[in-house]
Amino acid sequence: MGPGGAGCSDRLLLTVGWLLLAGLQSTFGINVTAVQDPSLANEGEGEGEVEGEGEGEGENEAEEEAENDISNRTTVKEVEFGMCTVTCGVGIREVILTNGCPGSESKCILRVEECRGPVDCGWGKPISESLESVRLACVHTSPVNRFKYIWRLLRPDQQAIILANDSAILEVHRDTHPKAFECETLDNNEIVASIKFTIYTTTELQMKRSSRPDIDAVLVLVLTMGVIMCIFVVFVLIFIIINWAAVKDFWGAKASTPEIQSELSSVRYKDLSSLDQSPTSEIPGHEDDALSEWNE
């Protein structure tokens with residue numbers, strides 16, 4: 001064989017070797033994948049199951065929360081309002097929840113809100129006073145600076161004078177003549193309360209204070225006498241209850257005494273009547289004897 005044939009055979013052998021090697025690698029790779037695929041598939045399934053369980057738990061929790069929200073929304077919350085702290089002007093009141101309270105409580109305070117009554121509060125009393133000055137207060141709630149206050153000096157048959165003071169408290173010095181003041185409480189330029197005050201003179205105040213002790217003394221005396229009488233009656237009742245047997249015997253003896261006296265009086269009456277009748281019965285006998293002797 002020539003050199004060209006030897007080179008062709010070598011190339012042919014090399015090509016066949018490469019083909020066999022490629023076939024073996026491909027066959028080995030197929031077997032490996034065939035062995036490894038089940039475990040990989042199992043791992044994939046396990047991961048899929050875990051992920052599915054996690055998603056399922058998350059969905060269940062979300063559904064429970066949604067149901068709770070719906071039940072809370074569907075629960076009817078009944079409320080009632082407490083009494084307002086004022087009878088006029090601006091005050092506060094409690095909003096009480098009667099259904100849906102936490103725990104076993106039947107009622108609970110839901111919130112505190114503002115309440116309003118009639119605007120006109122009539123005539124008020126000073127918050128403090130002395131012989132020299134008086135302190136007056138407008139109708140207000142906290143915070144005080146929320147409202148606007150207008151003070152007026154009232155004059156009979158004349159227009160009122162608006163004072164420069166715009167605070168809730170006004171201090172007034174007493175004068176030789178009584179004065180009248182008015183305060184209006186405004187919220188957003190709306191009058192929500194109005195109150196008036198009368199400031200007496202020093203002499204009038206002293207007269208009022210001097211007349212009060214007499215009234216107070218009489219009132220105290222009457223109350224003291226009433227309390228003493230009540231205490232006496234209570235002690236008498238207690239004594240009667242404790243000594244009921246002795247009281248019963250005493251009243252029984254008292255009740256029997258008139259009966260005995262009536263019986264004695266009846267006996268005496270019978271005796272007297274018998275004595276009165278005995279001479280009359282003997283008189284006819286004596287008369288008969290006298291007549292028989294005269295006839296003889």
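This is a predicted model: local features need pLDDT of at least 70, side-chain atom pairs count only at pLDDT 80 or more; totals for chains, interfaces and linings use all residues.
## Overall make-up

The protein chain has 296 residues, of which 16% count as buried.

Three helices and 11 strands make up the secondary structure. Read from the N terminus, the order of elements is α-β-β-β-β-β-β-β-β-β-β-β-α-α. Among contacts between residues at least 6 apart in sequence, 52% join residues at least 24 apart.

Three strands form an open sheet in the order 1-2-3, with antiparallel pairing. Strand 1 (79–81) and strand 3 (108–116) each have a single partner strand, so one side of each is left without a neighbour in the sheet. On average, neighbouring strands here are turned by 25° against each other, direction ignored.

Strand 2 covers residues 90–97 and is joined to strand 3 by eight bridges. Within this antiparallel pair, Glu 94 has Val 112 of strand 3 as its bridge partner.

## Strands around strand 11

Strand 11 (residues 190–199) pairs with strand 4 (residues 120–123) through two bridges, and these two strands run parallel. Asp 120 stands opposite Ser 194 of strand 11.

Strand 11 also pairs with strand 10 (residues 179–187), here antiparallel and through nine bridges. Asp 187 stands opposite Glu 190 in this pairing. The hairpin of strand 10 and strand 11 has two residues between the strands, and Asn 188 takes a positive phi near 55° there.

## Disulfides

A disulfide is a covalent bond between the sulfur atoms of two cysteines. The count in this model comes to four. With the bonded cysteines numbered in sequence order, the pairing is 1-5, 2-6, 3-4, 7-8.

Cys 88 is joined to Cys 121, with an S to S distance of 2.2 Å. This link connects distant parts of the chain: Cys 88 lies in the loop between strand 1 and strand 2, and Cys 121 lies in strand 4, 33 residues apart. The link is right-handed, with 120° about the S-S bond. Cys 88 counts as buried because its relative accessibility is 16%, under the 20% limit. Cys 121 is buried as well, at 17%.

## Two further disulfides

Cys 138 and Cys 183 have their sulfur atoms 1.5 Å apart. Cys 138 sits in the loop between strand 6 (133–137) and strand 7 (148–154), whereas Cys 183 is in strand 10, 45 residues apart. Both cysteines are buried, and their link is right-handed with 100° about the S-S bond.

Cys 101 and Cys 108 are joined at an S to S distance of 2.4 Å. The torsion about their S-S bond is about -95°, so this disulfide is left-handed. Cys 101 is buried at 11% relative accessible area, and Cys 108 is buried at 15%.

Key:
Residues are numbered from 1 along each chain as its sequence is written. Side-chain values use heavy atoms; hydrogens and water are left out. Two strands pair if DSSP finds at least two bridges between them. Helices (H or I, at least four residues) and strands (E, at least two) are DSSP runs, numbered from the N terminus. Axes are lines fitted to C-alpha atoms, for helices over the stretch in contact, and angles run from 0 to 180 degrees between N-to-C directions. Buried means under 20% relative accessible area, exposed over 50%, partly exposed in between (1.4 Å probe, protein chains only). Contact means heavy atoms within 4.5 Å. A disulfide is a pair of cysteine sulfur atoms within 2.5 Å.
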